[in-house]
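Q: I am new to this structure. Could you walk me through its features, step by step?

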Amino acid sequence: ASRKRQRYVEKDGKCNVQHGNVRETYRYLTDIFTTLVDLKWRFSLLIFILAYALTWLFFGLIWWVIAYSRGDLEHLGDHSWTPCVNNLNGFVSAFLFSIETETTIGYGHRVITDTCPEGIVLLLLQAILGSMVNAFMVGCMFVKISQPNKRAETLVFSSHAVVSLRDDRLCLMFRVGDLRDSHIVEASIRAKLIQSKQTQEGEFIPLDQTDLSVGFETGDDRLFLVSPLIISHEIDERSPFWDVSRGQLERDDFEIVVIL
């Protein structure tokens with residue numbers, strides 16, 4: 001019976017590694033774009049909505065403060081008074097005007113006048129900041145959507161790897177295939193042996209990574225993945241499995257991670 005092992009990398013490519021005790025968390029903020037792209041979808045959508053909503057609320061509040069400080073709200077219906085923004089009669093209308101300004105909707109009911117220099121400056125600032133928010137958030141969403149995370153769903157690996165003779169040479173073999181008609185061109189494949197080891201000096205190295213040759217020297221690691229292919233690792237003197245017996249192979253705790 002096969003033993004249940006805690007995997008280093010799951011079958012779907014998810015790595016079971018979590019970073020703990022990270023003290024320099026500010027490094028995530030210095031690359032805020034990649035941090036937002038790496039977030040889960042629910043958090044990305046929440047930040048996307050908040051970025052626009054808070055911007056609209058912030059500028060709506062400033063438009064309301066300008067109207068309040070100028071006395072526009074006290075002269076509603078006075079046709080002899082020239083307000084900063086026509087038809088702005090409260091915070092709700094200021095919020096709607098903020099949305100119209102930043103999204104360039106321009107319904108035409110509320111419009112800024114030329115007798116309000118502070119409003120003109122605020123209009124320029126909101127137009128510039130709105131363009132920056134659009135570029136940043138839309139770019140973030142585009143990169144997140146275009147990530148080929150689901151492309152691996154149609155890449156199929158064999159359920160088991162086998163050790164057998166092939167051309168009179170002992171080889172570790174597995175098969176990989178692509179289900180899509182849009183083929184992956186210039187695909188390359190690598191294999192890593194993940195296993196804890198102890199050096200000759202007595203140092204213990206957890207999760208040590210060792211390359212398994214799958215044709216790097218001959219160029220066979222570059223795949224033309226039109227039909228299913230058998231990937232082979234020859235167990236020779238350079239292989240980490242050269243001194244491993246069949247019984248030891250069944251007892252040892254190791255993992256082979258294949259990267260396509």
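A: Gladly. Start with the span of residues 120–143. Its end C-alpha atoms lie 35 Å apart, and the span is 100% helix and 0% strand. Keep in mind that this is a predicted model.

Q: Which residues does UniProt list for "transmembrane region"?

A: The UniProt record, an unreviewed entry, lists residues 43–66 and 120–143 under that name. The span 43–66 is 100% helix and 0% strand, with 34 Å between its end C-alpha atoms.

Q: How is the protein chain divided into domains?

A: Domain 1 covers 25–146, and domain 2 covers 152–259. Their centres, taken over C-alpha atoms, are 55 Å apart.

Q: Now the charged side chains. How many salt bridges does a search of the whole structure find?

A: The general idea comes first. Side chains of opposite charge can pair when their charged atoms come close. Here the search finds eleven salt bridges. One of them joins Arg-70 and Asp-72, at 3.5 Å from N to O.

Q: What meets Glu-118 in a salt bridge?

A: The partner is Arg-70, at 3.9 Å from N to O. Glu-118 lies in helix H5 (residues 117–146) and Arg-70 in helix H3 (residues 41–70), so this pair ties together parts that are 48 residues apart in sequence. Glu-118 is partly exposed, at 34% relative accessible area.

Q: Which residue forms a salt bridge with Asp-211?

A: That is Arg-190, with the closest N and O atoms 3.6 Å apart. The pair links distant parts of the chain, 21 residues apart: Arg-190 sits in strand S5 (residues 190–198) and Asp-211 in strand S6 (residues 204–212). Both ends are partly exposed: Arg-190 has 43% relative accessibility, and Asp-211 has a relative accessible area of 45%.

Q: On to the pockets. What is the volume of the second largest pocket?

A: Again, the idea first. Rolling a probe the size of a water molecule over the atoms shows where empty space is left. The second largest pocket has a volume of about 460 Å³. Its lining is made of 22 residues, and Ser-213, Val-214, Gly-215, Ser-232 and Glu-234 lie nearest its centre. Strand S3 (169–178), S6 and strand S8 (229–234) are the elements that give two or more residues to this lining.

Q: Which element gives the largest share of that lining?

A: S8 does, with five residues. By type, the lining of the second largest pocket divides into nine charged, seven nonpolar and six polar residues.

Q: Last, the backbone. Which residue has a positive phi of about 65 degrees?

A: Asn-87 does, although it is not a glycine. Find Asn-87 in the loop between H3 and helix H4 (91–103). With a relative accessible area of 41%, Asn-87 is partly exposed.

Q: Where is Leu-207 found?

A: Leu-207 is in strand S6. Its phi is also positive, near 55 degrees, in a residue other than glycine. Leu-207 is partly exposed, at 45% relative accessible area.

Conventions
Residues are numbered from 1 along each chain as its sequence is written. This is a predicted model: local features need pLDDT of at least 70, side-chain atom pairs count only at pLDDT 80 or more; totals for chains, interfaces and linings use all residues. Side-chain values use heavy atoms; hydrogens and water are left out. A salt bridge is a side-chain nitrogen of Lys or Arg within 4 Å of a carboxyl oxygen of Asp or Glu. Helices (H or I, at least four residues) and strands (E, at least two) are DSSP runs, numbered from the N terminus. Buried means under 20% relative accessible area, exposed over 50%, partly exposed in between (1.4 Å probe, protein chains only). On a 1 Å grid over the protein atoms alone, a cavity is a set of points where a 1.4 Å probe fits but cannot get out, and a pocket is an open set with protein on both sides within 12 Å along at least five of seven lines; lining residues have an atom within 4 Å of a point. Grid points are joined across faces, edges and corners, and a volume is the space filled by probe spheres set on the points. Ala, Val, Leu, Ile, Met, Phe, Trp, Tyr, Cys and Pro count as nonpolar, Asp, Glu, Lys and Arg as charged, and the others, Gly among them, as polar. Domain bounds come from an automatic or database domain assignment. UniProt positions are given in the numbering used here, feature names are shortened, and annotations may be inferred rather than shown by experiment.
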